Amino acid sequence: MQDFQLSLDTIFRRAEQFFPDKTVHTGGPAPTTTTYAEWAARTRRLGGVLDTLGISADGRVGTFAWNSGRHLELYFAAPCTGRVLHTLNIRLFPDQVVYIANHAEDEVIFVDRSLLGLFLPLLDRLPLVRHVVVMDDLPPGAAGVEIPADDRFHDYEQLLAAAEPVEFHVENENQAAAMCYTSGTTGNPKGVVYSHRSTWLHSIGVLTNAGLGLHETDTVMPVVPMFHANAWGLAHAAPMAGASLVFPGPDMSPQGILKLLTEQEVTLSAGVPTIWQGLLPLLDGVELPKLRRIPCGGSAVPLALSEAFRQKLGKPILQAWGMTETSPVATASHVPMRDQGLPEDDQAKLRARQGLPLPGVEVRIVEPGSTTPLPWNDEATGELQVRGPWIAAEYYRLDDDVRLNTEDGWMKTGDVAAIDQYGSVRLVDRTKDLVKSGGEWISSVELENLLMAHPAVKEAAVIGVPHPKWDERPLACVVLQEGETVTGEEILAYLEPLVAKWWLPDAVEFIEEVPKTSVGKFSKKDLRTRFAQYHLE
Ligand code: ADP
């Protein structure tokens, strides 16, 4: 066979040549629609812009931006000219953004005008950034933050208008194409570098029906940010499939998302559970007949959420599991043929699993600290480890001694899971979130799943709090639906028949809202800090 390079310029040319009339729509206050033909022409000129700005041959091209058509231009112009796209998470604390941009050595940062106010205070602390390119996403005439009169600042459209288109060619499939830092739910952000090859193969994995299953006939809306693990591969897989794309732009409100789902006739849309949870109250009486698939992951998808979607829209959520370190999509939870005759309730339980690995990915569970695999009987639980062509071997230039892989070549996920006889993964918890009670583990995920199935409960997060006798005991932090007045005792009485006695939380605290991380996951770290002094008898 030919030794053919799996590089992103091949995906780019596919969209350019085969699907020129497919569209890329960006929502928000200044909506735009382009075709792949226009997008491709602009992306080639953007390659020229990077040359004119003098960005090094393998320089890091930072973005500080919403999901948008321009962001998609950067997704290809940077890697297809040999540079490395580095998507900065706009919701991180300023210190973290500064740390990450300096660590990655970003030479230029492309910033949405609507985010300039957030970005400008950081610039003094980014000595390596030579250029800031502003992408004006405000409606004409809107008063935005002033662009400083500074040689480093440029206007995206002016640069593009003056640039020459370039030919794309990537020498080596193993060269870096993009990088992302983990959102830092646990510890300092760590960089993961994706190669052309890993991104290409991941895109194929996402395209397969065992993955997220994109077709040429789809209209795909990644609500998951393009800075959250490459929008889960959708910004590469959609052009590869020839599917049209819809981006929310700066309007991430549930109303804005529902408007786009409806008006743009979106068929496939992906986001973390909190996005879909936010949409739920708006769905009564709404019909979205075109929407056929709703991939969701980043944290466990509550069974009640998936079932609510099935009841309201006729389509359950498709759960997928992954990490920044796994590109990210590594497993997906399709109900297999053998179980499709099961009653809906049983199928719903299967959908609450993390599912089978994508073709190319392998999984195992081991006793923490060992490399001896545990049996696949859905009972034994151990650390989930994965390997495959889009699984990271190591972190980018890490100072401390964190080894991501075992000596026998498996990536340690830090997640605890069981695997059934057919290979379907069931995530028990993150190692750090397990409640360690009297030497045994209690799964916070499972308790949350049950709590969120209570009709009065909107959100629930379970954390371990110090206990004099048992080391840790579970505390349920519960947000009630508006107008509900359930007591803690009633919540516990509801849980009692559903879990082992020693799993029952010792207390229920009602809170206003579960704090969220920069990518919209429940932030247990914040809750643990808040309840660090919690007193249990
Ligand atoms: P961070 O660790 O900073 O949140 P990631 O976005 O890479 O950054 O998160 C990966 C983690 O998210 C996984 O290790 C796992 O704990 C959790 N996760 C992702 N998808 C799922 C899922 N479907 N079910 C349960 N947990 C999930």
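The following dialogue examines selected features of a predicted model.

Student: What makes the approach of the arginine 60 side chain to the backbone oxygen of aspartate 58 a polar contact?
Tutor: A polar atom of that side chain lies 3.0 Å from the backbone oxygen of aspartate 58.

Student: Which residues are in contact with arginine 60, leaving aside its neighbours within four places in sequence?
Tutor: They are Val84, His86, Ala104, Glu105, Asp106, Glu107, Val108, Met179 and Tyr396. Contact here means heavy atoms within 4.5 Å.

Student: Which residues of helix H4 are buried, and what covers them?
Tutor: In H4, residues 94–104, the buried residues are Gln96, Val97, Val98, Ile100, Ala101, His103 and Ala104. Their cover includes S3, strand S4 (84–87), strand S5 (106–112) and strand S8 (176–181). Glutamate 105 follows H4 and has a positive phi, near 60°.

Student: How do you know that the buried residues of helix H12 line one face of the helix?
Tutor: Gln347, Ala348 and Arg351 are the buried residues of H12, residues 344–351. Viewed down the axis of H12, the buried residues fall within an arc of 105°, so they line one face. On the other side of H12, Asp345 and Lys349 are exposed, which means that each has over 50% relative accessible area.

Student: What do the buried residues of H12 pack against?
Tutor: They pack against helix H11 (303–313) and strand S14 (318–322).

Student: What is the volume of the second largest pocket, and which of its lining residues are closest to its centre?
Tutor: The volume is about 650 Å³. Of the 27 lining residues, Gln277, Leu280, Pro281, Lys458 and Gln481 are the closest to the centre.

Student: Which element gives the most to the lining of the second largest pocket?
Tutor: H11 gives the most, with six residues. Helix H10 (273–279), H11, strand S23 (457–467) and strand S24 (471–480) each supply at least two residues.

Student: Where does UniProt place the AMP-binding enzyme C-terminal domain?
Tutor: The unreviewed UniProt entry lists this domain at residues 446–521. In the model, that span is 18% helix and 33% strand, and its end C-alpha atoms lie 16 Å apart.

Note on methods
Residues numbered from 1 in each chain as written. Predicted model: local features only at pLDDT ≥ 70, side-chain atom pairs only at ≥ 80, totals over all residues. Heavy atoms only, no water. UniProt positions renumbered as here; feature names shortened; annotations may be inferred. Helix = DSSP H or I, 4+ residues; strand = E, 2+ residues; numbered from the N terminus. Polar contact = N/O pair within 3.5 Å; in protein donor to acceptor, adjacent residues only side chain to side chain. Buried < 20%, exposed > 50% of the residue type's maximum accessible area, 1.4 Å probe, protein only. Arc of directions from axis to C-beta. 1 Å grid on protein atoms, 1.4 Å probe; cavity = no way out; pocket = protein on both sides within 12 Å on 5 of 7 lines; lining within 4 Å. Points joined across faces, edges and corners; volume = space filled by probe spheres on them.
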